[in-house]
Amino acid sequence: MAGVTLDTVRKIYAGNVEAVKGVSLGIEDGSFCVLVGPSGCGKSTLLRMIAGLETISGGEIRIGDRVVNQVEPADRDIAMVFQNYALYPHMSVYDNMAYGLRNRKTPKDEIDKRVKEAARILAIEPFLDRKPRALSGGQRQRVAMGRAIVRKPQVFLFDEPLSNLDAKLRVQMRVEIKRLQKALGVTSIYVTHDQVEAMTLSDKLVVMSGGQIEQVGSPSEVYRRPETRFVATFIGSPPMNILPGKVEGPGRVSVGGQMIAVTDMREGLAPGSAIEVGLRPEDVQAGSAPGASSLDMDVDFVEELGATQLFHGKVAGTDFVVQASTGQIAADTRKLTLSIDPGNVHLFDPQTTKRLGRV
Amino acid sequence: MVENRPFAQFMAYLTLVLGVVVVAFPVYLAIMASTFDAATIINGNMPLIPGDQAVENYTRTLFYGGKQAREPVAMMMVNSMIMAMGIAIGKIIISILSAYAVVYFKFPFRKTAFWVIFITLMLPVEVRIYPTYKIVADLGLLDTYTGLVMPLIASATGTLLFRQFFMTVPDELLEASKIDGAGAFRFFKDTLLPLSMTTIAALFVIQFIYGWNQYLWPLLITTKSSMQTIVIGIKKMITTTDALTEWQIAMTTAVLAMVPPVLVVIFMQRLFVKGLVETEK
């Protein structure tokens with residue numbers, strides 16, 4: 001097994017479109033790395049470059065200690081699970097899994113052993129003789145994973161493997177992928193646009209936007225301490241509220257004239273300068289009594305989510321969402337006073353959109 | 001939608017039956033004519049029920065032929081069969097390979113290559129017949145099977161059909177193959193070819209019938225009677241000079257000429273229809 005190292009990797013398409021703009025990233029051996037970002041952010045391109053399906057315009061990709069820039073996909077010792085599974089429609093499930101091994105001239109009994117083993121792990125033994133079209137979406141997904149497993153590769157690559165499944169199955173397969181990866185201990189790189197998948201699956205979360213890495217970290221780091229406004233609004237559902245504010249002094253900002261205390265604030269910010277204040281919908285407490293650090297909110301409407309309710313409205317003229325446990329606040333409330341925990345306030349530079357936290 | 005309009009339904013069936021009769025009656029007449037002797041057909045009062053000369057007519061046609069020509073139709077059928085099979089199989093091989101190249105390989109002038117192939121659609125045999133004849137004659141291929149088959153293999157229909165099919169095959173299959181260690185040839189043999197089976201069947205049916213029905217080309221380049229195809233044979237039996245046309249033999253030959261295409265269609269119908277309408281991948 002091996003880690004994967006990317007060194008200022010670039011992809012420039014014909015017409016000078018730069019899809020990946022110099023990405024450097026180290027993925028440790030055995031870890032589960034998720035690349036997440038909106039469509040067009042270059043995450044799939046990056047994965048396909050690691051797989052060898054796209055040429056590398058600049059930089060270096062290493063699998064283990066080996067530079068693979070010029071290595072054929074088949075010789076990179078990787079396995080890939082595609083979004084539409086890409087199973088060979090005319091081959092049985094068994095042959096689908098065995099095909100790669102046969103091309104590699106693996107002995108017959110070894111192929112048989114590995115395919116049976118993978119089928120057992122994935123619980124697809126009863127379907128080995130069937131054609132893919134006779135399988136459900138979830139079963140096809142498993143076969144696609146089986147095809148990757150039997151190869152015993154150094155790296156698994158997943159390209160949005162769950163997006164063709166329905167919501168319930170997606171959650172189930174997500175758990176299975178995680179369990180499987182832990183059991184096999186193979187370095188995995190997983191691309192998704194779904195931030196829930198990204199949070200739950202990853203050891204290492206890589207948020208990408210516009211062909212660049214926005215932030216790398218553990219899921220909780222990225223959630224707790226987003227480095228840019230993009231990451232702050234991309235990770236977390238519903239997304240973080242961003243309010244225009246003003247620096248009032250060390251540890252103090254104001255929004256619409258109301259003071260808020262902040263723990264994580266960079267020193268030396270000029271009082272009176274503009275700043276962006278980020279608050280997660282689940283981090284604000286709705287009460288009625290104004291406190292030392294609080295904001296007033298006008299409620300427009302309420303979304304019921306079952307266990308929780310989302311209050312949509314405006315704070316200081318900007319759209320704002322508050323998440324609260326059902327029953328905590330009366331649904332017909334028109335005005336809310338939100339008390340803000342200083343530890344839950346995120347500050348961003350309006351120009352650079354970078355975090356203005358303690359250095 | 002519930003529809004219960006007996007009159008409309010009656011009219012629909014009437015139209016259908018009329019249509020079928022218009023198409024089927026001449027065929028029926030030919031089959032009947034092949035079971036009478038010449039005199040019965042000539043006197044103009046041929047019954048519409050089978051006569052008793054069937055065995056006599058068919059054995060004579062197959063193994064002896066008409067009185068003047070004395071060319072057994074069995075031999076013509078063999079010639080036609082070689083020509084039709086040659087065209088069908090040759091065309092499938094040429095077009096599947098060229099479509100594979102055009103769709104899956106990036107090479108200089110790929111677009112040009114495709115358009116050149118495409119343009120040949122505008123040049124059927126009849127249009128390019130003189131230069132084609134000249135080339136075949138210069139190569140000394142007159143009165144040979146190669147000469148019969150080769151010029152008709154080169155055309156764009158098959159290439160286009162396969163190209164359209166290949167474009168619907170998801171790119172991920174090729175990528176999965178690459179990761180599975182299959183090169184260009186393996187991908188073609190293990191994945192593309194099995195997936196193309198229905199398209200191949202459809203093309204085979206179309207091209208077999210096309211080849212079997214060729215008239216002008218074999219007429220031009222065959223002079224030996226041993227190289228004659230059955231479509232030419234029919235024409236030769238209907239004499240316009242002073243001799244009497246042996247209608248029962250001509251009709252028998254016509255019926256025999258229909259048999260192989262009909263068999264091909266019947267046996268490949270299921271695959272053929274699937275190949276033309278296939279969407280499931």
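Good morning. I shall begin with chain A, which is divided into domain 1, covering residues 4–233, and domain 2, covering residues 239–348. Please bear in mind throughout that this is a predicted model.

How far apart are the centres of domain 1 and domain 2 of chain A? Taken over C-alpha atoms, the separation between these centres is 38 Å. Where the domains touch, domain 1 of chain A supplies four residues to the contact, and domain 2 of chain A supplies seven residues. On the side of domain 1 of chain A that touches domain 2 of chain A, two residues are nonpolar, one is polar and one is charged.

Let me turn to the record for this part of the chain. An unreviewed UniProt entry lists residues 4–235 of chain A as "domain: ABC transporter".

I now move to the contact between the chains. Here, 17 residues of chain A are in contact with 15 residues of chain B. Which elements give two or more residues to the side of chain B that touches chain A? They are α9 (171–179) and α10 (184–195) of chain B. The largest share of that side comes from α9(B), with six residues. Sorted by class, the side of chain B that touches chain A holds seven nonpolar, six charged and two polar residues.

To close, I return to the two contacts. Within chain A, four residues of domain 1 meet seven residues of domain 2; between the chains, 15 residues of chain B meet 17 residues of chain A. Thank you for your attention.

How values were computed:
Residues numbered from 1 in each chain as written. Chains lettered and ligands numbered in written order. Predicted model: local features only at pLDDT ≥ 70, side-chain atom pairs only at ≥ 80, totals over all residues. Domains from an automatic or database assignment. Contact = placed C-beta atoms within 7 Å. Nonpolar A, V, L, I, M, F, W, Y, C, P; charged D, E, K, R; others polar. Helix = DSSP H or I, 4+ residues; strand = E, 2+ residues; numbered from the N terminus. UniProt positions renumbered as here; feature names shortened; annotations may be inferred.
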